[in-house]
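I opened my notebook on this structure and wrote down what I looked up, entry by entry.

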Amino acid sequence: MEENIKNKIQNIIQDNEVMLFMKGTPVMPQCGFSAAVVGVLSHMGIKFDSVNVLEDAEIREGIKEFSDWPTIPQLYVKSEFVGGCDIIREMHENGELSEYFTKAGIKA
Amino acid sequence: MAMKANEIEELILKSFPKAKITIDDLRGDGDHYAAQIITEEFRGKSRVQQHQMIYNAMGGRVGKELHALALNTSAPKE
């Protein structure tokens with residue numbers, strides 16, 4: 001992966017405590033899986049920032065290699081990769097996600 | 001672009017021969033699957049690591065040939 005793309009991604013996840021790489025925007029998600037994660041975060045009242053990977057081909061491909069994860073959406077909290085849609089949904093359903101945010105010092 | 005359920009199962013079994021695998025074709029279009037995979041190799045691994053192991057077993061097909069593979073992974077209950 002090119003160094004400048006890696007740096008760009010690193011800066012994005014460092015500068016934003018809760019960062020969602022998604023297709024579309026929180027208001028207009030362009031994919032059901034991205035919409036599902038937006039739904040979970042909104043439901044929990046977690047403030048988050050997002051990058052629309054459909055508008056940035058470099059990040060769209062780069063983030064897959066960066067996280068060693070082949071699909072979008074991807075959620076980062078305090079620079080740590082938490083998971084994609086399945087994991088976020090599962091963690092939300094069993095209560096792990098709110099625990100995770102509390103431990104990370106993120107308040108709803 | 002799509003895959004058959006048994007192709008997915010074979011790919012996973014190649015890496016994890018003892019895995020218990022259940023695959024559902026969610027929309028009947030061969031492009032949206034849900035797979036439940038239970039195997040001893042997952043023990044002690046985080047959920048992210050477990051999913052990465054399956055994505056690796058799928059050899060780069062997830063997100064390309066296969067649009068969606070919802071994963072539910074766990075180690076067998078002791």
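Before the entries I noted that two strands pair if DSSP finds at least two bridges between them, and that strands (E, at least two residues) and helices (H or I, at least four residues) are DSSP runs numbered from the N terminus. I also noted that residues are numbered from 1 along each chain as its sequence is written, with chains lettered from A and ligands numbered from 1 in the order in which they are written. The model is predicted, so local features need pLDDT of at least 70 and side-chain atom pairs count only at pLDDT 80 or more, while totals for chains, interfaces and linings use all residues.

Entry one, the sheet of chain B. I found an open sheet of three strands in the order S1-S2-S3, with mixed pairing. S1(B) (20–25) and S3(B) are the edge strands with a single partner strand each, so one side of each has no neighbour in the sheet. S1(B) and S2(B) (residues 32–38) run antiparallel and are joined by six bridges; I looked up Lys20(B), and its bridge partner in S2(B) is Ile38(B).

Entry two, helix H3 of chain A. I listed the buried residues of H3(A) (residues 57–67), where buried requires 20 or more other C-beta atoms within 10 Å of a residue's own, with C-beta atoms placed from the backbone: they are Ile59(A), Gly62(A), Ile63(A), Phe66(A) and Ser67(A). These residues lie on the same side of H3(A), because they cover an arc of only 115° around the axis, the arc being that of the directions from the helix axis to the C-beta atoms. After H3(A) comes Asp68(A), with a positive phi near 55°.

Key. Buried ≥ 20, exposed ≤ 12 C-beta atoms within 10 Å, placed from the backbone.
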